[in-house]
Amino acid sequence: MTTGKINVSVENIFPLIKKFLYSDHEIFLRELVSNATDATLKLKHLANIGEAKVEYGNPIIEVKIDKEGKKLHIIDQGLGMTADEVEKYINQVAFSGAEEFLEKYKDSAKDSGIIGHFGLGFYSAFMVAEKVEIITKSFKDEPAAHWTCDGSPEFTLEPSDKTSRGTEIILHVAEDSLEFLEEGKIAGLLQKYNKFMPVPIKFGTRTEKIEQKKGEFVESEDKDETFKSVEVDNIINNPNPAWTKQPTELSEEDYKDFYRELYPMQFEEPLFNIHLNVDYPFNLTGILYFPKMTGDLQIQKDKIQLYQNQVYVTDNVEGIVPEFLTMLKGVIDSPDIPLNVSRSYLQADGAVKKISNYITRKVADKLKSLFSENREDFEKKWNDIKIVLEYGMLSEPKFYEKAGAFTLYPTVDYQYFTLDELKEKIKDNQTDKDGKLVVLYASNKDAQHSYIEEAKTKGYEVLILDSPIISHLIQKLEADNENLTFTRVDSDHINNLIKKDEETISKLSDEEKEKLKTELETIISDKKYAVQLEALDSQSAPFSITQPEFLRRMKEMSQTGGGGMFGMGNMPEMYNLVVNTNHELASSILNSTDKSHQQALVKQALDLAKLSQNLLKGEELTAFVKRSYELIK
């Protein structure tokens with residue numbers, strides 16, 4: 001038997017490991033199962049190139065709980081270790097066996113799927129164990145070895161009577177970590193971290209009914225019973241997930257099945273998927289899904305899972321996936337993403353930026369192809385994906401450059417235009433006094449219905465743009481299109497539109513208009529309403545309320561900016577009261593000699609205008625309803 005001290009540069013590394021090195025104790029299981037996977041894949045590679053004269057077979061990794069003995073076992077059928085290799089790889093902390101293996105066989109091993117860090121990762125076992133044993137037998141014809149350490153720098157290494165190839169790690173679970181002896185806990189961790197590991201993982205058994213062979217006897221009251229119950233290995237992972245395959249190998253149903261496997265509690269089907277597969281200048285595979293989106297930018301986040309060689313790392317992919325795509329779902333797997341020792345936090349570098357740019361380009365190309373191949377179907381899905389695309393246009397310049405080809409602008413009548421198509425559509429009928437094209441839009445079809453109808457009677461196209469970030473996007477579009485301006489349909493800017501061959505002349509003289517304005521400003525005490533007299537069509541509303549476009553837009557941007565980049569503080573409430581001088585009500589107010597009647601007319605008309613803008617609330621609304629009933633009487 002050999003005894004000795006582990007070769008470490010500090011007096012006792014184990015408290016350091018337990019308290020500081022790993023941010024989350026539960027990842028010990030991920031590390032140990034990853035090591036077992038490494039050992040198995042290494043053996044497969046060596047067998048394939050003829051260096052291991054063994055039958056590879058169909059190895060599995062087994063995780064077993066001994067609750068009574070307070071032990072947790074991780075058993076593999078991989079290449080195992082000799083006593084010398086235990087000395088080298090276990091006693092010399094952080095000397096990575098996988099790195100040495102890859103260096104030695106770098107040309108032939110690049111596609112072998114080695115995960116990588118047998119060494120420091122093994123010591124994560126001491127986060128939950130007071131003692132750890134390794135019983136291992138190499139694929140080479142050498143004696144088995146038994147290593148034991150109780151969490152101090154002291155270890156023992158002696159021969160073992162193990163006869164089968166592979167390694168068994170036994171964790172004697174500490175009193176403060178007994179939760180890791182619960183089946184539900186371990187099953188949950190294996191599902192979280194090892195669900196798609198490339199080697200089958202057994203955890204317990206399950207009962208299956210299989211057809212019995214002729215002549216077999218099964219204890220059953222039903223003598224015609226044709227099935228029997230048997231115990232079979234419970235394999236808890238899928239070693240060949242969809243993203244490891246080529247797109248040509250998968251049908252649309254395969255993609256949907258994998259989505260259900262990733263999100264078993266998600267009942268809605270994804271709208272479409274994007275298969276990522278690149279091996280130069282970096283390695284990355286994955287499948288991204290566009291789910292149906294809500295208007296909430298936050299609720300969808302953290303649904304993409306990051307893997308490294310099929311080992312789960314995190315669902316926080318910011319910095320790898322462009323921020324606007326973090327609202328998607330799916331999987332990304334890349335060995336080229338740098339991770340810290342616990343594989344829990346990402347460190348940005350040049351490779352990560354290239355990966356982010358690649359994903360942006362791939363998503364843009366997929367959207368363009370969907371638009372080009374089946375525009376009708378793309379239009380049907382627009383409302384469910386628009387929030388992602390609009391966010392991408394705002395946040396990613398490279399995406400913005402491509403997005404013009406497939407970003408749609410729907411009208412209130414459900415026609416869809418690209419921006420170029422829209423410009424062509426409105427160029428003869430929607431220009432302002434400065435010669436700019438004016439894009440009219442509504443943000444709420446029901447609340448702004450009367451304004452929409454008014455615009456439509458004049459032959460204007462009105463878009464429906466109702467996402468929470470539309471004000472920000474409009475700013476960007478206007479900055480990049482010098483001859484274009486966006487105006488909400490209830491905005492004061494709508495009065496700047498001019499229609500060819502049409503000019504409306506006021507029925508009131510300048511003197512009458514001045515008198516009318518004075519009367520209105522005297523009666524209307526609320527200073528947030530600025531009275532404006534306009535000569536409109538006699539069929540247009542007598543009073544209407546518009547909002548100053550600039551102030552309204554800045555207020556919206558302040559609200560959606562959350563006080564950050566677009567935060568503007570509290571914007572003032574300001575409105576324009578537009579009075580149609582060609583409506584008979586304007587003349588009635590002007591010519592009324594009964595001051596109380598005049599005030600009643602103004603009050604009722606103003607409240608009706610407020611009602612159309614959802615500005616009539618509380619006491620004002622109650623008074624309006626009461627006054628309206630009096631008028632009916």
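Which residue meets arginine 260 in a salt bridge? The legends below answer this and show further pairs in a predicted model.

**Figure 1. Arginine 260 and glutamate 269 form a salt bridge.** The side chains of arginine 260 and glutamate 269 meet with an N to O distance of 2.8 Å. Arginine 260 is partly exposed, at 33% relative accessibility. Glutamate 269 is also partly exposed, with a value of 34%.

**Figure 2. Lysine 456 pairs with aspartate 413 in a salt bridge.** The closest N and O atoms of lysine 456 and aspartate 413 are 3.0 Å apart. This pair links distant parts of the chain, its members being 43 residues apart. Lysine 456 belongs to helix 12 (residues 449-457), and aspartate 413 sits in the loop between strand 15 (409-410) and strand 16 (416-417). Lysine 456 has a relative accessible area of 32% and is partly exposed. Aspartate 413, at 42%, counts as partly exposed.

**Figure 3. Shared partners make a network of salt bridges.**

**Figure 4. Glutamate 182 and lysine 67 meet in a salt bridge.** The N to O distance between the side chains of glutamate 182 and lysine 67 is 3.1 Å. The two residues are 115 residues apart and link distant parts of the chain. Glutamate 182 lies in the loop between strand 7 (166-173) and helix 6 (183-193), while lysine 67 lies in the loop between strand 2 (61-66) and strand 3 (71-76). Glutamate 182 is partly exposed at 37% relative accessibility, and lysine 67 is partly exposed at 48%. A search of the whole structure finds 25 salt bridges.

How values were computed. Residues numbered from 1 in each chain as written. Predicted model: local features only at pLDDT ≥ 70, side-chain atom pairs only at ≥ 80, totals over all residues. Heavy atoms only, no water. Salt bridge = Lys/Arg side-chain N within 4 Å of Asp/Glu carboxyl O. Helix = DSSP H or I, 4+ residues; strand = E, 2+ residues; numbered from the N terminus. Buried < 20%, exposed > 50% of the residue type's maximum accessible area, 1.4 Å probe, protein only.
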